[in-house]
Amino acid sequence: MAERTRCVVVGGGPGGVVLAHLLARGGVEVVLLESRGDFDRRFRGDTIAPPVLDYLDLLGLADPLLDATPHVRGNAFVWRTPDATWTLADYRNASRKYPYYALVPQAVFLPFLVEQARRYPGLTVRMGARVSDLVRADDGRVTGVVYTQDGERRTVLADLVVGADGRTSKVRQLAGVAATELGASIDIAWFAVPRRDSDPVTSGLEARAEPGQLLAVLGQGTDWQLGFALPAGTFGAFKAAGVEPLRAVLRRLVPWLGDRIDLLADVNQLTLLPVRITTVDAWSRPGLLLIGDAAHVISPVGGNGINYAIVDAAEAANRLVGPLRSTPVGPGAVDAATAAVERARRPSVEREQRGQVRIERETARALRDRDPRPALALRLIASIPGFPRLVGTLASRSLAVPRPVPAILTGPAHERAEPLHRARLTAAAATRHLHGGAVRGRGRDAGI
Ligand SMILES: Cc1cc2nc3c(=O)[nH]c(=O)nc-3n(C[C@H](O)[C@H](O)[C@H](O)COP(=O)(O)OP(=O)(O)OC[C@H]3O[C@@H](n4cnc5c(N)ncnc54)[C@H](O)[C@@H]3O)c2cc1C
């Protein structure tokens, strides 16, 4: 017989995990299905924005996560050429308590939130569970999903199915929701090298450029994450040129990496991220909601893919916790809530995407024209005292993070006693899992 629950969330990325966590905390029975067997993922959006940290703090989660996780605090986005430096956005006024982006690997963040949510009786997490089909009622309403786990096909029926399964969302395809690409001008090829204590202090969020080359240098936990920007569709030629031209770029742009540059021994060590900006026709259908990259792909250029996914989850949880807790669940109330999620979130997402399309085109043009400077508008911003701080503050505000509703803020009654202590323990456990035993202490403040 098919299993039954209130909400099934497909996809254990930041959007799905945060939503499952919040619904369980709010007292809703929820099943999370993740196709992979673990949360170990590299080269993903790891940049948690100041207002999202404030949001996690309201839930008692931010300090335990940051205290136990090696991370970098990027307080500004800085663009460097061999001759000049521009601070394009400064986040030091973006939050009183967390005036920086915390670069926390998803491989730590996701298991931490799952472990935290396991304390709530309503959460079931199934790893290695790949969704292949939707279940529908006679009137077309989505009423569940079919998934395969351990070679066995299973069905879970639910009052709501949430597709949080990323940019190539299977749920979105099965629901017949069309996606439109708004921008595809650049790709990024990622590579990582270990950090050393003797490395220079950077802002943690840097672009380093020379004519025809743009390198993202992100301080991430125990590594530097390096991203070569290239015009879209040129990765084949990029790889065919071999590793030596890339090493030469690294020697010029980040010479202090020294012998670690030789760790790039083969072009196949690079991970390609085709940078896409995608919008979809509708985020909801009767019985179904899409969030995160499944609903809108945000370019990694602003480092906000993870943040938009988390804020979608926060907005969805606020609006769904009431309808999904009532007995019986009213399909009309659920559908009204999912439509409201889209109305609340779409304007902020579309504003961000419009800006990103412009930045991407400018970046592709600059690569072609061999102009290493940021776009003229960005240079102007950087030159006016106070403007980078204004930009950093406004950009953070535009994420539009909602305050948790009381049912989520307070959590179940039995959990109010000792939540912080347990949160610290699970963050430490997630970090040990990632780094093979050693917890390497608190974050490093980056400097501009
Ligand atoms: C390769 C790559 C590199 C990236 N690099 C950056 C970056 O450097 N900076 C940045 O800001 N952003 C980056 N992003 C984007 C950022 O990671 C995403 O915006 C963010 O993770 C979105 O979260 P999400 O929960 O919506 O989706 P995702 O994080 O994509 O999570 C979706 C989850 O759904 C699971 N899933 C997929 N199909 C199924 C299925 N059929 N059944 C069950 N589960 C399924 C997947 O395994 C995955 O765990 C990158 C994305 C990718 C794909």
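Tutor: Let us begin with a definition: helices are DSSP runs of H or I with at least four residues, strands are runs of E with at least two, and both are numbered from the N terminus. The model before us is a predicted one. In this numbering, Ala400 belongs to the loop between helix 11 (387-397) and helix 12 (406-410).

Student: What makes the phi of Ala400 worth noting?

Tutor: The phi of Ala400 is near 55 degrees, which is a positive value in a residue other than glycine.

Student: Why is Ala400 called partly exposed?

Tutor: Ala400 has 16 C-beta neighbours inside 10 Å. A residue counts as buried at 20 or more and as exposed at 12 or fewer. The count for Ala400 falls in between, and therefore Ala400 is partly exposed.

Student: Arg370 also has a positive phi. Where does Arg370 lie, and why is Arg370 called exposed?

Tutor: Arg370 is found in the loop between helix 9 and helix 10 (376-383), and its phi is about 60 degrees although it is not a glycine. There are 10 other C-beta atoms within 10 Å of Arg370. The limit for an exposed residue is 12 or fewer, so Arg370 is exposed.

Student: What is the class of Thr168, and how do you know?

Tutor: Thr168, in the loop between strand 11 (152-163) and helix 5 (170-175), has 13 other C-beta atoms within 10 Å. That count lies between the two limits of 12 and 20, so Thr168 is partly exposed. Thr168 and Ala179 stand 11 residues apart in sequence, and their C-alpha atoms are 9.6 Å apart in space.

Student: Why is Phe109 called buried?

Tutor: Phe109, a residue of helix 4 (residues 106-117), has 27 C-beta neighbours inside 10 Å. Since 20 or more is the requirement, Phe109 is buried.

Student: Which residues does Phe109 touch, if those up to four places away in sequence are not counted?

Tutor: Phe109 touches Leu65 and Val104. As for Gly219, which is 110 residues from Phe109 along the chain, the two C-alpha atoms are separated by 16 Å.

Student: What makes helix 1 roughly parallel to helix 8?

Tutor: The angle between helix 1 and helix 8 is about 30 degrees, with the axes 8 Å apart. This angle is again under 35 degrees, so the two helices are roughly parallel. Helix 1 passes helix 8 in a right-handed crossing. Among the residues that meet there are Leu19 and Leu22 of helix 1 and Ala313 and Leu320 of helix 8. The contact has 15 nonpolar residues, one polar and one charged.

Student: Why is helix 8 called roughly antiparallel to helix 9?

Tutor: Helix 8 (residues 305-325) and helix 9 (residues 331-369) pack at about 160 degrees, their axes being 9 Å apart. Angles over 145 degrees count as roughly antiparallel, and therefore helix 8 is roughly antiparallel to helix 9. Their crossing is right-handed. The contact includes Tyr308 and Arg319 of helix 8 and Val341 and Glu352 of helix 9. Its residues comprise 12 nonpolar, no polar and five charged.

Student: Which residues come nearest to the ligand?

Tutor: Of the 32 residues around the ligand, the nearest are Gly11, Gly13, Gly166, Gly292 and Gly305. Helix 1, strand 2 (30-34), strand 9 (129-136) and helix 8 each give two or more residues to this shell. By class, the shell has 11 nonpolar, 13 polar and eight charged residues.

Notes
Residues numbered from 1 in each chain as written. Predicted model: local features only at pLDDT ≥ 70, side-chain atom pairs only at ≥ 80, totals over all residues. Axes fitted to C-alpha atoms, helices over the stretch in contact; angles between N-to-C directions. Parallel < 35°, antiparallel > 145°, perpendicular 65-115°, else oblique. Left-handed = near helix turned anticlockwise from the far one by under 90°. Contact = placed C-beta atoms within 7 Å. Nonpolar A, V, L, I, M, F, W, Y, C, P; charged D, E, K, R; others polar. Near = placed C-beta within 6 Å.
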